[in-house]
Amino acid sequence: MTQAETATAPATVNEPTNGTPLLELRDLHVYYGNIEALKGVSMTVGEGEIVTLIGSNGAGKSTTLRAISGTHKPRSGAVMLEGRDIHHLPAHEIVSLGIAHSPEGRKVFSRMTVYENLQMGAFSRKGEKIEPDVARVFDLFPRLKERRTQKAGTMSGGEQQMLAMGRALMAHPKILLLDEPSMGLSPILTEQIFNIIREINGQGTTVLLVEQNALMALNAAHRGYVIQTGKILLADTAKNLAANEQVRQAYLGEI
Amino acid sequence: MSPMVRRALTLGLFGGIAGIHVSLVGIVNTFQTRDLIADIVTIGSVIPMLIAIMVGWLAGRAPRHAAELAAPTALGAGAVAGAVTGTILALLAILVDSVSLTWILVNARPQLATILQFEQGPVVGSVLLIAGGAALGAAGAVLHILPGAIARSIAMAGIITIIVALMEPFIGAVLRNVELRAIEGFLYDSGGLTLPGFILVFALIGAGVYGWATRGDRARARVEAMPPDRRRAAKIAVYLATIGILLILPQIVGQRLSEVIGTVGIYVLLGLGLNIVVGFAGLLDLGYVAFFAVGAYTTAILTSPASPVFTPELPFWGALPFVILAAALIGLAVGAPVLRLRGDYLAIVTLGFGEIAREIFKSAWAQPVTGGAQGILSIPEPIPFSRDPQSIYYPILFFCILAAIAATTLASSRVGRAWNAMREDESVAEATGVNTIKYKLLAFGLGAAFGCLGGAFFGAKIGVVFPDSFNILVSINALALIILGGMGNIAGVVLGAFVLVGLPELLREFAEYRLLIYGVVLVVMMLLRPEGLLPSRSRRAELHEVKDEDDDDMYADEVGEETGRPVVTA
Ligand SMILES: Nc1ncnc2c1ncn2[C@@H]1O[C@H](COP(=O)(O)OP(=O)(O)O)[C@@H](O)[C@H]1O
Ligand SMILES: [Mg+2]
């Protein structure tokens, strides 16, 4: 398939063909009041993948994640998790089915300590031991271990981002939704965060990654979708997208 | 004019206005009847002095974001501010003395001038006022020069000594009650402290506060260093001693004070309940009185032979399970419609619920059940306890302890964590798996249960219920006491109830100014100690962190911490 073809026809190629995908969005329409933020979004995320959703500011990336995690309900369409429509379930049930959402803008519980934040992350897993998971998070983010008893609100932006990701991991998700994990971070820290995303994926967690930093995201991901004003514009392997003229011009800052 | 001088003059002017205000509303005249130190200083004349000290303290304080003032500057500023306040009061005294203003301002009597001029006549009095104002203003400023612990001890000792003087009728009664007449005679004379008594109380409290401020941490550290079993033993000993004292308290303090403590106990129940709703779950409920009213009316309707319906009357204890049931229902009834509301909207809607509840109980429509405006009489006593304040104290104490245990247990449980998360960020809490609807309803339900229990004992204690007892002041009192005491902390609730409910009950003679003093206390508290008197440890940390964390937080966000250089983000 040539790049020109990909640009005109959002393809469904390269999706896992064996069985049902882990997560599938079918024709999602999401509104804020009268404003239609998602105008029929469909996409799939296969087990074990890193899939990225890129697009400019206001394109509907965060809204897509909110629709998946149930924090903002779609008006129509379906969110299929392992073949079961979950779009009508309340957010707190969705998290216990295995979807953890690390929201945009480092939404940590700023008055709680690092440890208490992680504890909250495991809230959906009533009565299970959380210490092994805390240890795993501290392995991934040694910085958090040092700051175990510090109030989350007093930490730097990068540390809060790590905590938001760590907290989401505490839920033992099948799929982790990450909303702009590199926002506001230094290049070095961004690099680190992306390495950790790969590591998390390597340990078996599926990742749906939303980014404005398209270059980094396409580097880390297997497949990608490009969203523009509430519609999926392109869908392809990460490699193809990174090579796509249109993507390069619009999102990678090349002329 | 230098900014320091201008600030001192402005503060002095405000002090003068405050002085005019308390003089003309009659506070100075009223408190003239009571001595601070017998035959030497009246409380009435102490009030303008306190104002001068206060403005001196403010004037000597370092401006925001500036270093501490040099000692002479601080003293000078304090003296100037105090002198201005004194001058204004001197002018006021001369004015009320020479022109009759009593036809518009009933308190602008020559007697006011006499008090303000220390009974020394216009010339000497005015000089005394101005010079005294300057001296007191400088004294206020000295508090900045002294080391913090000493300054705090002096200020606390001053405040508490004045309260001890005001409490003469009660403390005196207690001392007589436990046969310590010698101490009473030493401390008090003709409605105020004796001079030796004053010095003793001031010194004892000052030393106590100073000791705690300088050595409290070490004491705490020593307790924490104890081996766990010794520590548990010590803790249990403290609890047992406290309970022991609480059990004999009514016998020690006598009838009248027991009455006050009973009222305080009911407000402790309300405070603990509202603390769950506001302090733990973060739902600002301004209509808490609705729960209190439902508890009282449910008890009255089920138990009173005078209630129009339910003729086979239940005993008080038989009605209690139904009170809890009613609490669950009213908790749901208030909670369910406001589930989707946040912050200010929630506050306004619940405020409405509180008012609606009273109007319903009062209405002609409900009269067959609630007795309308006449209320319901002859609620039976909670046998085997009687209505006697020294007896009904015990069931109230029991439920306060029960409620306190329940609240502490909940706060540190999974439920408490869910509330905590919800209070911080509802949608993130939901996304981490907190069923916010369930936990909000649980908070309202438990809050309602404590409030209804409070209402039941309120009914049993006074034997009647009237709709007008359940006005918005109850909600405000309950909210103010948890804010004053320190939100989220149980000891804070108890202390807040004593200060805001107990003290005013004891100072009935000054009831006229209750709301005024209340307002001043709350404003001063919010400015000086926003975390409350006894804050929970985490909340104190929060409020103080916010202050000094501002700058470095910005720094951390804008600077790449690996490189230390400013970073342009993608
Ligand atoms: N809470 C909200 N209320 C109203 N409109 C919103 C809200 N959040 C997002 N929008 C709108 O929906 C569209 C998509 O927003 P969003 O999903 O946040 O975009 P992105 O994450 O891609 O930057 C934008 O036009 C935005 O203005
Ligand atoms: Mg976004």
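Does Glu119(B) count as buried or exposed?

A: Glu119(B) counts as exposed, at 61% relative accessibility. (Buried means under 20% relative accessible area, exposed means over 50%, and partly exposed lies in between, with a 1.4 Å probe and protein chains only.)

First, some ground rules. This is a predicted model, in which local features need pLDDT of at least 70 and side-chain atom pairs count only at pLDDT 80 or more, while totals for chains, interfaces and linings use all residues. Residues are numbered from 1 along each chain as its sequence is written, chains are lettered from A and ligands numbered from 1 in the order in which they are written, and side-chain values use heavy atoms, leaving out hydrogens and water.

Now back to Glu119(B). Look at its backbone. Its phi is near 60°. That is a positive value, and the residue is not a glycine. Where does Glu119(B) sit? Its place is the loop from helix H5 (110-116) to helix H6 (122-145) of chain B. (Helices are DSSP runs of H or I with at least four residues, strands are runs of E with at least two, and both are numbered from the N terminus.)

Stay in chain B for a moment. Val123(B) and Leu11(B) are 112 residues apart in sequence. In space, their C-alpha atoms are 25 Å apart. Leu11(B) belongs to helix H1 (residues 3-24) of chain B. At 16% relative accessibility, Leu11(B) counts as buried. Glu119(B), by contrast, counts as exposed.

Chain B also has a cis peptide bond to find. That bond joins Ile383(B) to Pro384(B), and its omega is about 10°. Pro384(B) is in a loop as well. The helices on either side of that loop are H15 (367-370) and H16 (389-411) of chain B.

Next, turn to chain A. Which of its residues has a phi near 50°? Glu82(A) does, and here too the value is positive in a residue other than glycine. Glu82(A) lies in the loop between S4 and S5 of chain A. With a relative accessibility of 44%, Glu82(A) counts as partly exposed.

Trace the strand pairs one by one. S1 (residues 23-32) and S4 (residues 76-81) of chain A are antiparallel and share five bridges. On this side, Arg26(A) faces Ala78(A) in S4(A). S1(A) also pairs with S2 (residues 35-45) of chain A. Those two run antiparallel, with eight bridges between them. Which residues of S2(A) stand opposite residues named here? Tyr31(A) has Glu36(A) opposite it. Leu23(A) has Val45(A) as its bridge partner. S1(A) and S2(A) form a hairpin with two residues between the strands. In that hairpin, Gly33(A) takes a positive phi near 60°.

Now find the metal. The magnesium ion is ligand 2. (Donors are N, O and S atoms within 2.8 Å of the metal, or 3.2 Å for Na, K and Ca; water is not among the atoms, so sites may look incomplete.) Ser62(A) is in helix H2 (residues 61-69) of chain A, and Glu104(A) is in the loop between S6 and helix H4 (114-121) of chain A, so the pair ties together parts that are 42 residues apart in sequence. Ser62(A) counts as buried, at 11% relative accessibility. Glu104(A) counts as partly exposed, at 29%.

Finally, step back to chain A as a whole. It has eleven helices and ten strands. Of its 255 residues, 58% count as buried. Along the principal axes, its C-alpha atoms fill a box of roughly 55 × 40 × 40 Å.

Note on methods:
Pairing = 2+ DSSP bridges.
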